[in-house]
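Please have the sequence and the model at hand.

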Amino acid sequence: MQPAQLASSKPKLIPGLTGAASGEVTVANTAIALGSGDVPVFATPALAGLMEAAAVDALCDVLDEGQTTVGVQLDLQHLAATPVGMTVRAEARLMTVEGRRLTFRVSAADATEQIGVGTHQRVIVDRERFMHRTLAKHP
């Protein structure tokens, strides 16, 4: 293939892109361990992280070199508990692209049922400029 053909084979940043992430529920990601409750079940903060990871996965082949995304909003309903030892799978579908702002529909399930749903927004940033501004906060 010629370089022009390689560039055109890159997926476009359009609604409909999907991504997924999964992980096992362990003692380390329970509500007790993360301080979000006092029961040994998959923690809501861990669910949020898994949903964000699914959104990041949806974008892995479409961003330009030097770009990344940062999460800026998550509206999450944690519908059911998952015990230690089960696997949780999160999925994200890109719903809208508004300039640099990307909105995803996210969901998660264990082997038995859907355990979470929500929406998640990410913003495309220049990685180097973002880190420069962030590290400039140090006194």
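## Strand pairing

In strand β3, Val88 is the bridge partner of Gly23. Strands β1 and β3 (residues 87-98) pair in the antiparallel sense over seven bridges; two strands count as paired if DSSP finds at least two bridges between them. Helices (H or I, at least four residues) and strands (E, at least two) are DSSP runs, numbered from the N terminus.

This is a predicted model, in which local features need pLDDT of at least 70 and side-chain atom pairs count only at pLDDT 80 or more, while totals for chains, interfaces and linings use all residues. Residues are numbered from 1 along each chain as its sequence is written, and side-chain values use heavy atoms, with hydrogens and water left out.

## The sheet and its helices

The open sheet has five strands in the order β1-β3-β4-β5-β2, with antiparallel pairing. Its edge strands, each pairing on one side only, are β1 (18-24) and β2 (67-78).

Helix α3 (residues 44-58) lies across β1, β2, β3, β4 (101-109) and β5 (114-126), and runs at about 145° to β1. Angles run from 0 to 180 degrees between N-to-C directions, with axes fitted to C-alpha atoms, for helices over the stretch in contact. Contact means heavy atoms within 4.5 Å.

## The nonpolar core

The largest nonpolar core has 27 residues, of which Phe42, Val88, Phe104, Ala108 and Ile115 touch the most other members. Such a core is a set of buried Ala, Val, Leu, Ile, Met, Phe, Trp, Tyr and Cys residues joined through side-chain atoms within 4.5 Å, where buried means under 20% relative accessible area (1.4 Å probe, protein chains only). Helix α3 gives the most to this core, with seven residues.

Definitions and conventions
Buried means under 20% relative accessible area, exposed over 50%, partly exposed in between (1.4 Å probe, protein chains only).
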